[in-house]
Each structure stands twice: as structure tokens, then as C-alpha cells.
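Let's walk through this one together, feature by feature. Keep the 3D view open while we talk.

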Amino acid sequence: MTSPAVPDLRSPLLDRPGAVAGEGLEAAVAAHYGDPMREQRRLVAGEAVVDLSHRGVLQVSGPDRLSWLHSLTTARLTDLPPRRSAETLILSPKGHVEHDLHLVDDGETVWITVEPGTAEAAAAWLDSMRFMLRVEVRDVTAEFAVVGEVDDREWTEADAPAVAVWVDRWPELGDDTASYSGGGPHPAQGRRWREVIVPREALQAYVGERGLAGTWAAEAERVAAWRPRQGVDTDHRTIPHELDLLRTAVHLHKGCYRGQETVARVHNLGRPPRRLVFLHLDGSGHVLPEPGTDVMAPGNPRPVGQLTSVARHHEDGPIALALVKRSTPADVDLQVGDVAAAQTVIVEP
């Protein structure tokens, strides 16, 4: 998996005691503050927040903003009420995932957060699609920061100095969407998570005296929830079906948008070529495999997929997500480097 460049947005929270900077995508924020397992427990309990100030932030304004975004992306947005959060995808003409937009409209402006290092490209593409419509696109990453927290409340005045809040609906099935993970209960049912957008100069004031958890804690909870992440669990070939993203980000009968033909064809006529799996990794060793490591299946001399996300969970131990070929048997244990991995089906074969 290739990673985009990360802008120079070093967080002031890296100056807090114990802060250890992340790497790659997460280099501008803290991976942890000295005790990742304790930070996870505090995060889940609502006693800590996560610095996500390296995420990109976009604004789309103008009277045509929702109908315009509706025409370009995968979700139904024309009747989105103010403060109601949505997730929508920008796809390539062949249906591959290019951007995952976390979107909320405040009644005058659409606020969007995107993966670190991708805001410039997303804004440029959106701006190129304006034509004569009454919309304006701005990359405001340098002005606004994001904080993650376990909560599911929409924005209220009590959230000041926050200017907007995106509530993650995962794994809630949306209107006219589809699940690729079967009919059983989802492990993330009842999950609460939101991204709070604040002016950069108010980041420390918003955090206040609350505890801080690093990105390692947030990633462990994300992996445990089977929640895919664009740019981490995707590559240039990924289509939404492979990640079970139709459940929250794709409306199946909303009209034409770029990549819709692939979405409809795979959903109506077949199954995706790959599938996301959840892995329990053997934790007896001290070192876990890195993302990008080949995944092997018994009796197959060639890799069946690649590891995409790896985390240490405070309850489940070492866990991971991987993209494997659809034909990979669902009832066998896999091997990731020197580490045994018990798979749980996310996207059904």
C-alpha cells in the first residue's frame, strides 16, 4: 500500500509529557503518551481524546453544495439535514476508492475531513468539477484541526470552540445500502465515535485537562470494529464491496456518479474479487508483522493477500485486518510472515 505525503502539521500536543510521535501517516501527532494499553482503556471509557489534527479538513459552501456533492459521490446527500453526519466516497471511473469523505453540513457550509496528506488532491479534484454551479471548495487544513473521541452526539453550542462534529455511523446500515458481512450481529454494534473540528489555535483549549490517547489506541479500536480506513486498508484496485463499505457510504439507487457502473455490476451480478478479513495474530513473539506483509494460506505457495492494519488491543491482544483473494478458504488459519493468524470473515466469500 502506498502512503500519501503528510503535510507539515506538527501538533502542539506532541509537547505534552510522554508524547511519542507516530510514523508515516501519523508522524505529525502522537502514537502514544507512554502507556498505550492504559490510554486505550481510558479512551473507551470516555476519559481521553485522540489528537487527529493531521487529518485534512475541507469546506464546501454555496447554495448548490449538497446537490453537487450528491452528483459526484456515492451517498445520497440532497436531503441531508443540518448536523446529520454522512460518509461518502469519491471513486475512480472504474469504481476504485480514491477518497473517503467524512461529511457534515452545518446549514451553510459542508465540513469534510479526509485522510492525512490527501486534502490537497481531494480539493483540487472537487474544484475541477464545479463548472457553473454555485459552490466553492476550500482546503482549510492549516486553519482547523480534528480531535477524535468516544461519543455520538451531534454538534451543540456546548462543544465550543468546536465548529462542527462528524459522527461515525459505522456499522449502522444506511437507507438503501447493503451489508457484505452476513446477517449476524456486527462486533461494532453500538460503537460510538466522532471527529470534532476545532480552530487550530483552540486545539489545546478544547482538549483541556482531559486525558490524551495516541493514535495506537484509536487504531486498535478501529481494527477491532472491522472499520476500514482509506489509504491504509485500500490500494489502487480497491472497490467498496471488498471492505463492506456499502453499508455506510454507498446508496444503491441514487442516480449517476463516477464509478457507479462498477458498484452496480458487482453488487447485482457477482462478488468482489477480494475480501477484508479480521485476524487474531499469535502474540507469543515480541514483534508483529508490518502492514504490507504477504498473507499465506495452507497448501498455496503464492500469497493470497496482504496485511493492511496491525494493532495491539487492550482486551483482544494482537489483531489485524487484511485483504485476501475471495477464493481464500474461510475455514483455515492463515500465516503472516512467521506469525500464525486466525481469520474471522468480514466480507463473505
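Q: How many strands make up the closed barrel, and in what order do they run?

A: Start with the terms: strands (E, at least two residues) and helices (H or I, at least four) are DSSP runs numbered from the N terminus, and two strands pair if DSSP finds at least two bridges between them. Here, six strands close into a barrel in the order 13-16-15-14-17-18, with antiparallel pairing. Ignoring direction, neighbouring strands of this sheet are turned by 40 degrees against each other on average. Oh, and this is a predicted model: local features need pLDDT of at least 70, side-chain atom pairs count only at pLDDT 80 or more, and totals for chains, interfaces and linings use all residues. Residues are numbered from 1 along each chain as its sequence is written, and side-chain values use heavy atoms, leaving out hydrogens and water.

Q: How many bridges join strand 13 to strand 18?

A: Five bridges link strand 13 (residues 274-281) with strand 18 (residues 339-345), and the two run antiparallel. Look for F278, which stands opposite T344 in strand 18.

Q: What does helix 5 lie across?

A: For angles, take lines fitted to C-alpha atoms as axes (for helices, over the stretch in contact) and read 0 to 180 degrees between N-to-C directions. Helix 5 lies across strand 13, strand 15 and strand 16 (317-325), at about 120 degrees to strand 15.

Q: Which residues of helix 1 are buried?

A: Buried means under 20% relative accessible area, exposed is over 50%, and partly exposed is in between (1.4 Å probe, protein chains only). In helix 1 (residues 36-44), the buried ones are P36, E39, Q40 and L43. They sit on the same side of helix 1 because they cover an arc of only 105 degrees around the axis, taken from the directions from the helix axis to the C-beta atoms.

Q: Which residues touch the most other members of the largest nonpolar core?

A: In soluble globular proteins, nonpolar side chains tend to be buried together. A nonpolar core is a set of buried Ala, Val, Leu, Ile, Met, Phe, Trp, Tyr and Cys residues joined through side-chain atoms within 4.5 Å. The largest one here has 28 residues, and L89, V250, L276, F278 and I346 touch the most other members. A second, separate core of 23 residues includes L58, L72, L80 and V114.

Q: Is L91 buried or exposed?

A: L91, found in strand 5, is buried, with a relative accessible area of 1%. Contact means heavy atoms within 4.5 Å; leaving out residues up to four places away in sequence, L91 touches several residues, including T74, P240 and Y257.
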